[in-house]
Amino acid sequence: SCLRDLILKMNCLARRSSDGSWEFCGLSDLFSHQFPSLQELDLGGNDFQGITHHPFSILGEAVRAGRLLALQRLNLSDTHIRRADMVAVFNALAAGGAPSLQALHLGSMDRS
């Protein structure tokens, strides 16, 4: 894939299933693929506040699996990322899953 920038800012990235739970099947499918040229990923403005299963575990797994090695800029601002999810993303980054990362934006975190 030659995709360099993926801007998903202020989109509806989750949907409620018939049982009321949140589904992130689109993100799961997306991040199951290798993106060797992706330099910017912007998930900003997608308010995940109140969602018990955050998509950041999906992102963390993609980073940990080395599917985003060229990633330089990651925007998670205004997503209300929870502390536990932030730690999962940080652990994946610390393990070397995105060695080219230069900028990480985290504004508007959830305090839980």
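**Terms and their grounds**

S77 lies in the loop that runs between β5 (73-75) and α3, where helices (H or I, at least four residues) and strands (E, at least two) are DSSP runs numbered from the N terminus. The model is predicted, so local features need pLDDT of at least 70 and side-chain atom pairs count only at pLDDT 80 or more, while totals for chains, interfaces and linings use all residues. Residues are numbered from 1 along each chain as its sequence is written, and side-chain values use heavy atoms, with hydrogens and water left out.

Q: Why is S77 called buried?
A: Buried means under 20% relative accessible area, exposed over 50% and partly exposed in between (1.4 Å probe, protein chains only); S77 has a relative accessible area of 16% and is therefore buried.

Q: Which residues does S77 touch, not counting those up to four places away in sequence?
A: S77 touches G44, G45, H105, L106 and G107, with residues up to four places away in sequence not counted; contact here means heavy atoms within 4.5 Å.

Q: Why are α2 and α3 called roughly parallel?
A: Helix α2 (residues 56-64) and helix α3 (residues 83-94) pack at an angle of about 5°, with their axes 8 Å apart. Angles under 35 degrees count as roughly parallel, over 145 as roughly antiparallel, 65 to 115 as roughly perpendicular and the rest as oblique, and α2 and α3 are therefore roughly parallel to each other.

Q: What makes the contact between α2 and α3?
A: F56, G60, V63 and R64 of α2 meet D85, A88, V89, A92 and L93 of α3.

Notes: Axes fitted to C-alpha atoms, helices over the stretch in contact; angles between N-to-C directions.
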